[in-house]
Amino acid sequence: MKSFSMTDVGLKRSMNQDYLFCEENEIGNLPNLFVVADGMGGHRAGDYASRFCVKMLTEAIEQSTEVEPVEIFDAAIGETNARLYHQTQVHAELEGAGTTLVAATIVGDTMYVANVGDSRLYVVHDESAEFEDGPCTITQVTEDHSLVELMIRTGEIKREEARNHPNKNVITRALGAAPKVEADYFEVELQEGDKILLCSDGLTNMVEDEEIKEIVRESGDVISVACRELIKRANAHGGLDNIAVVLVKP
């Protein structure tokens with residue numbers, strides 16, 4: 001397994017409220033762990049929320065007595081959310097603080113994913129790893145918990161309209177926003193030639209999925225090059241938000 005992670009403040013923000021975690025080795029009962037959190041809620045509150053979330057989540061996973069990955073994630077996310085929500089209630093400067101969360105662990109050929117908010121996880125499958133000139137595809141595994149995604153599903157807008165919609169940054173689920181939070185969970189069977197990308201919307205609002213796919217494909221096995229190029233491309237397209245990327249080659 002190879003992994004690489006990077007985060008960048010972008011071109012328009014003064015503070016980086018994205019936070020990530022990248023561990024190829026065991027953490028508690030999980031064989032590895034990859035996390036991206038994108039904070040929200042004011043200048044300091046968003047930065048605090050994402051950092052607090054990752055710290056509490058990893059501690060809860062380390063201490064968990066659960067065995068199944070989804071049960072480990074579910075208990076850790078519930079505990080992390082409760083602690084972050086408590087902080088927002090007792091510290092006035094943290095009012096409105098919250099964070100997205102996308103997390104993954106790879107157990108053998110199976111990946112388990114947890115998601116709250118609109119940070120995303122993609123699988124880029126490149127068959128040229130096995131067959132010369134083989135096709136390459138990109139699949140978004142997670143589903144955005146956002147107002148525009150809801151509007152797409154109800155037919156109010158078309159998907160191509162979402163990128164420039166005035167409410168594109170309104171999310172419908174976040175850690176810390178309420179006493180309890182519901183996460184989505186996904187189980188994915190991995191194949192030879194797969195790469196896993198976790199990222200904040202600072203990337204996906206700036207770079208189309210097809211462009212992301214080509215950057216990852218062209219980097220081959222040098223995933224650090226792909227991470228740097230993804231951030232460079234997001235900034236080249238405007239860099240309107242913080243950018244976080246974690247790329248994993250199982």
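1. Basis. The model is predicted, so local features need pLDDT of at least 70 and side-chain atom pairs count only at pLDDT 80 or more, while totals for chains, interfaces and linings use all residues. Residues are numbered from 1 along each chain as its sequence is written, and side-chain values use heavy atoms, with hydrogens and water left out.

2. Largest pocket. The largest pocket holds about 410 Å³ of space. On a 1 Å grid over the protein atoms alone, a pocket is an open set of points where a 1.4 Å probe fits, with protein on both sides within 12 Å along at least five of seven lines, and lining residues have an atom within 4 Å of a point. Grid points are joined across faces, edges and corners, and the volume is the space filled by probe spheres set on the points. There are 18 lining residues, and those closest to the centre are Arg120, Asp144, Arg159, Ala162 and Arg163.

3. Make-up of that lining. Three residues of the lining of the largest pocket are nonpolar, four are polar and 11 are charged. In this scheme Ala, Val, Leu, Ile, Met, Phe, Trp, Tyr, Cys and Pro are nonpolar, Asp, Glu, Lys and Arg are charged, and the others, Gly among them, are polar. Helices α3 (147-153), α4 (159-162) and α5 (201-204) each give at least two residues to the lining. Helices (H or I, at least four residues) and strands (E, at least two) are DSSP runs numbered from the N terminus.

4. Second largest pocket. About 230 Å³ of space lies in the second largest pocket. Its lining includes Arg13, Gln17, Asp38, Gly39, Met40, Asp201 and Asp241. Strand β3 (residues 33-40) provides the largest share of this lining, with three residues. By class, the lining has two nonpolar, five polar and five charged residues.

5. Strand β7. All of the residues of β7 (residues 120-126), seven of seven, are buried, where buried means under 20% relative accessible area, exposed over 50% and partly exposed in between (1.4 Å probe, protein chains only). Arg120, Tyr122, Val124 and Asp126 point one way from β7, and Leu121, Val123 and His125 point the other way. Arg120 is also among the residues closest to the centre of the largest pocket.

6. Partners of β7. Two strands pair if DSSP finds at least two bridges between them. β7 runs antiparallel to β10 (residues 194-199), with six bridges, and Arg120 stands opposite Cys199 in β10. β7 is also antiparallel to β8 (residues 136-140), over five bridges, and here Asp126 faces Cys136.

7. Strand β5. Six of the seven residues of β5 (residues 101-107) are buried. β5 pairs with β3 in the antiparallel sense through three bridges, and with β6 (residues 110-116), again antiparallel, through seven bridges. Ala104 in β5 stands opposite Phe34 and also opposite Val113 in β6. β5 and β6 form a hairpin with two residues between them, and Gly108 in the turn has a positive phi of about 65 degrees.

8. Aromatic pair. How many aromatic pairs does a search of the whole structure find? It finds one. The ring centres of Tyr48 and Phe52 are 5.4 Å apart and the planes are at 20 degrees, so the pair is stacked. Rings of Phe, Tyr and Trp (its six-membered ring) pair if their centres lie within 6.5 Å, and planes under 30 degrees apart count as stacked, over 60 as edge-to-face and the rest as tilted. Tyr48 and Phe52 are four residues apart in helix α1 (residues 45-63), which means a separation of about one helical turn. Tyr48 is partly exposed at 29% relative accessibility, whereas Phe52 is buried at 13%.

9. Val207. This residue lies in the loop between α5 and α6 (209-218). Is Val207 buried or exposed? Val207 counts as buried because its relative accessibility is 0%. Beyond its neighbours within four places in sequence, Val207 is in contact (heavy atoms within 4.5 Å) with Arg163, Ile212, Leu230, Arg233, Ala234 and His237. Arg163 is also one of the residues closest to the centre of the largest pocket.

10. Asn32. The loop between β2 (18-23) and β3 holds Asn32, which is buried at 4% relative accessibility. Leaving aside neighbours within four places in sequence, the contacts of Asn32 include Met1, Glu23, Ile27, Ala104, Thr105 and Ile106.
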